Amino acid sequence: MTFTARLITFRISHYCEKARWALDRLPNFPYVEECHLPPLHRLKTTPLGGNSVPVLITENAVFKDSADILKHIDQKSPPGFKLYPESLALRHEVEQLEAQFNHQLGVLIRQWGYFHALQNRTLMQQMWCDRVPTWERSLFSSLFPLTRYLVHSRYNVHRKSALIAYHQTQQIFAAVSHHLSDGRRYLVGDCFSAADLAFASLSSPGLVPPEYGGCFPELNQLPDDMIEQIQTLRATAAGKYALRLYRQERRRNKQAMDGHHLI
Ligand SMILES: N[C@@H](CCC(=O)N[C@@H](CS)C(=O)NCC(=O)O)C(=O)O
């Protein structure tokens, strides 16, 4: 019998989307997504020796970081689905870009996104409670003030840091736009890689792609100043390229989407 892997997530998280997208691309990697309400995810991640999500649990190992998850998935991928090039030089380039997007873009865009979204409790309820177990959902209201405080303090979220984070995100978009300006379709080499997947998924809170695999609100549910900033990012070459990747490469895995009913 084939083992069904488990992916522990927040539905809203763009780091979780990175792992989910990589899993969804594979024709034969059965998994179910287990979504949790922060901070209750720690009940799952702490016993596994980690903190953050995503966490991937396979038959033989537990992976506690999106980069490790992608490397593991790559080892299981058939030809044509690889995320890292065989050429060592190209692989190095892909890994460097992925690490840069993980450590900078993902962090900055989260700081900006949470500053705006946390002001709207209903919106946060919609995103944080999507597909979580009923008992966790029932605790949303009591936990919200604590969770909001934890997010603000852990990620240093306030008006000034959000503004700076947005400007730094624009600089990363400008660098990616420049990189693409020679007409290339992908960031490294001539096919889709972990660098493309990392850029598109980690920039998703700033672009709100309709094909997002987790839970984002509709654009018109967001505050006006946030919509304006999203439209600015969408209009850049990097923004258009990430939205194209979502349209062309974001395959869905039906079993994982149905899986939440089982948990
Ligand atoms: N480097 C990690 C970062 C993941 C991360 O920051 N996850 C956040 C959600 S976006 C999280 O789980 N935060 C809650 C916590 O750390 O307990 C990865 O790439 O997997």
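# Notebook: charges, fold and aromatic rings

I began with the charges of this predicted model, and I found 30 positive and 24 negative side chains in the protein, with the centres of the two sets 4 Å apart. For this count Lys and Arg are positive and Asp and Glu negative, while His and the chain ends are left out; each charge is placed at NZ of Lys, CZ of Arg, CG of Asp or CD of Glu.

I noted the ground rules next: residues are numbered from 1 along each chain as its sequence is written, and side-chain values use heavy atoms, without hydrogens and water. Local features need pLDDT of at least 70 and side-chain atom pairs count only at pLDDT 80 or more, whereas totals for chains, interfaces and linings use all residues.

**Overall fold**

I looked up the secondary structure and found twelve helices and four strands, which are DSSP runs numbered from the N terminus (helices are H or I with at least four residues, strands are E with at least two). The radius of gyration is 18 Å, close to the 18 Å that the globule rule gives for 263 residues, so the protein is as compact as a globular protein of that length; the radius is taken over C-alpha atoms, and the rule is 2.2 Å times the number of residues to the power 0.38.

I then checked burial, and 53% of the 263 residues count as buried (buried is under 20% relative accessible area, exposed over 50%, partly exposed in between, with a 1.4 Å probe and protein chains only).

**Aromatic rings**

I counted twelve aromatic pairs, where rings of Phe, Tyr and Trp (its six-membered ring) pair if their centres lie within 6.5 Å, and planes under 30 degrees apart are stacked, over 60 edge-to-face and the rest tilted. The ring centres of Tyr114 and Tyr155 are 6.4 Å apart and their planes stand at 5°, so I recorded this pair as stacked. Tyr114 lies in helix H4 (residues 88-117) and Tyr155 in the loop between helix H7 (140-154) and helix H8 (159-180), so the pair ties together parts that are 41 residues apart in sequence. Tyr114 is buried, at a relative accessible area of 10%, while Tyr155 is partly exposed, at 23%.

I also looked at Phe140 and Phe144, a tilted pair with 5.3 Å from centre to centre and 35° between the planes. Both lie in helix H7, four residues apart, which is about one turn of the helix, and both are buried. Finally, I saw that ring pairs link Tyr114, Trp128, Phe140, Phe144 and Tyr155 into a cluster.
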